[in-house]
Amino acid sequence: MIDWTAFLVVLVAALVGTAVVVSTYSLGIRLLTLSGRTPVVAPAEFTDAITIMTPAEAAQAAKKAAKAAKKSPLTAGQKRAAFVCAVGCFTLSGVAVLYGIYLIVPALHGG
Amino acid sequence: MDLTLIVVLVIALALFFDFTNGFHDTANAMATPIATGALRPKVAVALAAVLNLVGAFLSTEVAKTISGGIIREGDDGVLITPELIFAGLIGAIVWNMITWLLGLPSSSSHALFGGLIGAALVGFGVQAIDFSVVLSKVVLPALLAPLTAGLVAYSATKLAYAITRRYDGKPDGRSGFRHAQIFSSSLVALAHGTNDAQKTMGVITLTLIAVGLQPAGSGPEFWVVVVCAVAIALGTYMGGWRIIKTLGTGLTDVKPAQGFAAETSTAATILASSHLGFALSTTQVASGSVIGSGLGRRGSKVRWRTAGRIGIGWLLTLPAAGAVGALAALVAHLGPVGVLIDTVAGVIVIVGIFLWSKRSEVSAGNVVSEVAASGKVVKIKRNPKPKPNPKPKKVKP
């Protein structure tokens, strides 16, 4: 009576979906860093919860990132390739999310 | 009592429950992005409200579970009366308001199921409840969903950190996950809309079926979907203002990569379950994800005492709301007078709690709620240094 397969399906679907989205995005960030465009995103608003980065620290981090990027052993072409791959990864991540939404909305695939 | 009057009463009450649900659960989607500074609080709350509205239109699987399964209806079962649903809703709303006031972690969904089940038990006895459906569609998902979300969030956090880890001490660009969080938290809000707004749709549909305005086994009408979507979005927005007021008082240290992993896991778990018609608690899934992602970080430890408190709250909700629902059903059995007594008592409790909450200090305990609380379950050493590779490989040129 209890549909154990359904639970397993939920677990596997959630695990696979999350893994795809998170790993493609992470890979995108990794490649972006590799391409010398390390993202430094300061918090939109500072609350007590944010102890990690103040504006001064953000500026410092951006400087450090730029410095690290200068020392990169990669050639300009390799950096460009890494950047393209990074954009590809972010796109893939977004597409995975959209596909997930597509799957659960019956109206979109006539189910 | 006039049949249509009670139907109107039930629908109004159901929509109020929907409103409190949104009110109660804004933090589920928006606690982590606000905590990491990915979104401005005002933007986060507005976004959550809009996406809850949109999400409510996406699917009706969960609504069908509620309107067509838990309580045996039709020829071979019992006749569900609007009075019974009314009593169940009173139980759910009262328990929701009490836990909100006390800052107890609780699930709006379990309050709803508890109330309905309690009312049906009093009204018709044990045979009224299809316990196998309750077990397979409500109780087991309730136990398994937080575990699933926790496991998924744990793996996702490990994955995100492993992929972006740099041993050379150069910037790793992990703050870039803040951008991702905007989307992942939006997805959680969307998922919340699809799962939780449907619960109210299910209840209203159940009522309409009970009075014969709709054939048994049919899905929710379009106007029901619309009003439920609006009610939950409104509740989300109103709830958000209180959260903004109290920001910065009780949020835990969540990092962007971790927040992103937690939100993605929450959204994936809720969406996958909604799709299969499991009416799980979004609160519990979000809490499970926050705990799981915290464990995925280096140097983390579980605070078992806090975890235990949250667990007890989860266990308590179903029976407690059931008890209130049963009591309300008992009174409603007296006929129109009973329904009147229920209504008056319910309104007194709701207004009383509302006034009480206005009087008392707004604190993180009763506003930022269970998701923030579950973040405290995991103790994390601040910024531990990554261990260098044990033996760096010497590459010969």
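Predicted model: local features only at pLDDT ≥ 70, side-chain atom pairs only at ≥ 80, totals over all residues.

Colleague: What makes up the secondary structure of chain A?

Modeller: Chain A has 3 helices and 0 strands, and from the N terminus on its elements run α-α-α. Of its 111 residues, 33% are buried. Buried here requires 20 or more other C-beta atoms within 10 Å of the residue's own.

Colleague: How do you know that the length of α1(A) agrees with its number of residues?

Modeller: The expected span is 1.5 Å times one less than the number of residues. For the 31 residues of α1(A) that should come to 45 Å, and the end C-alpha atoms are 44 Å apart, so the two agree. After α1(A) comes A:Gly36, with a positive phi near 85°.

Colleague: How many residues of chain A are in contact with chain B?

Modeller: 48 residues of chain A are in contact with 55 residues of chain B. To count, a pair must have C-beta atoms within 7 Å. On the chain A side, the elements that give two or more residues are α1 (4–34), α2 (55–70) and α3 (76–104). The largest share, 21 residues, comes from α1(A). By class, this side of chain A has 34 nonpolar, 9 polar and 5 charged residues.

Colleague: And chain B, how many helices and strands does its secondary structure have?

Modeller: Chain B has 13 helices and 2 strands, and 60% of its 397 residues count as buried. Among its contacts between residues at least 6 apart in sequence, 90% join residues at least 24 apart.

Colleague: What makes a set of residues a nonpolar core, and which residues have the most contacts inside the largest one?

Modeller: The members must be buried, belong to the nonpolar types that count, and be joined through C-beta atoms within 7 Å. The largest such core has 122 residues, and those with the most contacts inside it are B:Phe86, B:Leu89 and B:Cys228. Helix α1 (residues 3–36) of chain B gives the largest share of this core, 16 residues. Beyond four places in sequence, B:Cys228 touches B:Asp18, B:Ala56, B:Ala197, B:Thr200 and B:Met201.

Terms used:
Residues numbered from 1 in each chain as written. Chains lettered and ligands numbered in written order. Helix = DSSP H or I, 4+ residues; strand = E, 2+ residues; numbered from the N terminus. Buried ≥ 20, exposed ≤ 12 C-beta atoms within 10 Å, placed from the backbone. Contact = placed C-beta atoms within 7 Å. Nonpolar A, V, L, I, M, F, W, Y, C, P; charged D, E, K, R; others polar.
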